[in-house]
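Biologist: I would like to learn how to read a fold. Could we start with a sheet and then turn to a helix?

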Amino acid sequence: MIDKSDKYLVIGAGPAGLSTARNLQIEGVSFEGVEAHSGVGGLWDIKNPKSTMYKTAHLISSKRMTEFSEFPMKDSVAQYPHHEDVLDYFTSYAQKFDLLKYYKFNTRVEKAYKENGIWIVKTSDGEVTKYKGLIICVGTLSEPNHVKFPGEFTGQIIHSAEYKDPQQFKDKRVLIVGAGNSGCDIVVDAVHHAKKSDLSVRRGYHFVPKFVFGKPADALGNKQSFLPSGLKLTLNKAMIKMLTGSPEQFGFPKPDHKLFESHPIVNSLVLHYIGHGDVKVRANIKKFEANTVHFTDGTSEDYDMIVMATGYKVHFPFIDKKYLNWNSHVPDLYLNIFHPTDDSIFVCGMIEAAGIGWQGRFEMGTLLARYLKTKDKSPNLVKAFEKRKKENNANLSGPVKYMKLDRMAYYVHKDTYIDILRKETNSFN
Ligand SMILES: Cc1cc2nc3c(=O)[nH]c(=O)nc-3n(C[C@H](O)[C@H](O)[C@H](O)COP(=O)(O)OP(=O)(O)OC[C@H]3O[C@@H](n4cnc5c(N)ncnc54)[C@H](O)[C@@H]3O)c2cc1C
């Protein structure tokens, strides 16, 4: 067994892993990283077997609202860059801050467990190594959430994780299930390739256009950052309502939640295609019968292909749930990072919030790195933090009442969350 019990192990070299590595480097915390794929960038590298990217995917948050503050994206890149530009960005980031040297690539963590207070990690290269602690940065959007419906569909069914290229739709009658951001992107792709492009929805959603007054919509919201969060929300809601109208006007059910109580759909094209009759909104699925889909509103339709855009599950297959204080859907961690009592295991990047971007993930890494450094050098300075960590009852949703859905178990309100991260980071001074 290799003994690296003076080092932390960062698992994953996506945006969260890279930014955590960068913070550990800044604070001088001893660590190394492993990445299952051959390079950095996480799911933004479409060649990564775990990537859920598709050929036409672009950022849905604008570049200035998403990038790391210390490393702005190039002016020459579009406001909503293509995934290849995003991968270039992360490759340049890793090079600029010399992060590649910390990582072993093509190396998957297969099992991690604790023995006598030390972590033992088995990797796909056959090595077994002792580490001081683990920092899990393996993302949240790679394990498909499969939804079952009664009956059997005899056409082709795939999950959106398997959707890569609009050519997959060529000359097919296609039904996309789920109008989240992926489902809406994918149905828009289908329009120019499929014979029929329908979208089955269970509930209503709010839609936000990508551009407002010629500017990325999310950047405009941020311009009001001097306003209190509640007022900012009210203003944004009024503006979006004025620009897109109500989803019911396009055949969607009335949303059962307010704007931002679930992730809004950032897409300027889906309403356009619905308005032109190229995409038809269908009700929830009742059952399958051969290649016919029966919907809950009593209608039915025949399809060749169904794409289940039914989201993803948090999944850490290499580590027993007992180590991460799981509630039913996700690990229940202080600020989504810290185990309440075990200070040798951490998760970075288990976060979802409108506008959180990669900088939000970077700041999770800042707090973690500062904590790890301070706890070793000046343990007294982290005592109050450790009490809050143990209580684990911070309100991360601020003025927003998120819907009580499994997939939203780790949603936070950006301003509230960043504010707490920064206060906790400063508490070690
Ligand atoms: C189509 C699409 C569009 C998106 N658009 C946006 C957007 O506009 N703005 C935004 O902020 N976010 C967006 N996201 C969210 C996206 O998840 C984040 O941008 C970001 O990629 C999350 O980074 P991460 O490092 O947490 O996870 P990932 O990018 O998933 O990286 C995880 C890494 O861990 C590695 N790994 C996994 N398991 C192991 C293991 N056992 N051992 C070793 N390595 C392992 C993987 O190979 C991967 O490289 C989008 C996601 C998708 C799918």
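Biologist: In what order do the five strands of the open sheet lie?

Modeller: Strands of a sheet pair through backbone hydrogen bonds, either parallel or antiparallel. In this predicted model, the order is S9-S20-S10-S11-S16, and the pairing is parallel.

Biologist: Which strands stand at the edges?

Modeller: Strand S9 (156-159) and strand S16 (279-282) do. Each has a single partner strand, so one side of each lacks a neighbour in the sheet. On average, neighbouring strands of this sheet are turned by 20° against each other, direction ignored.

Biologist: Over how many bridges do S11 and S16 pair?

Modeller: Strand S11 (residues 196-200) pairs with S16 over four bridges, in the parallel sense. Look at Leu199: its bridge partner in S16 is Val281.

Biologist: Which strands does helix H4 lie across?

Modeller: Helix H4 (residues 181-190) lies across strand S10 (173-177), S11, S16 and strand S20 (305-308). H4 runs at about 170° to S10.

Biologist: Which residues of H3 are buried?

Modeller: They are His83, Val86, Leu87, Tyr89, Phe90, Tyr93 and Ala94. These residues cover an arc of only 155° around the axis, which puts them on the same side of H3. Helix H1 (15-27) is included in what covers them.

Biologist: And which residues are exposed on the other side of H3?

Modeller: Gln95 and Lys96 are exposed there. After H3 comes Asp98, with a positive phi near 55°.

Definitions and conventions
Residues are numbered from 1 along each chain as its sequence is written. This is a predicted model: local features need pLDDT of at least 70, side-chain atom pairs count only at pLDDT 80 or more; totals for chains, interfaces and linings use all residues. A residue is buried if 20 or more other C-beta atoms lie within 10 Å of its own, exposed if 12 or fewer, and partly exposed in between; C-beta atoms are placed from the backbone. Helices (H or I, at least four residues) and strands (E, at least two) are DSSP runs, numbered from the N terminus. The arc is that of the directions from the helix axis to the C-beta atoms. Two residues are in contact if their C-beta atoms, placed from the backbone, lie within 7 Å. Two strands pair if DSSP finds at least two bridges between them. Axes are lines fitted to C-alpha atoms, for helices over the stretch in contact, and angles run from 0 to 180 degrees between N-to-C directions.
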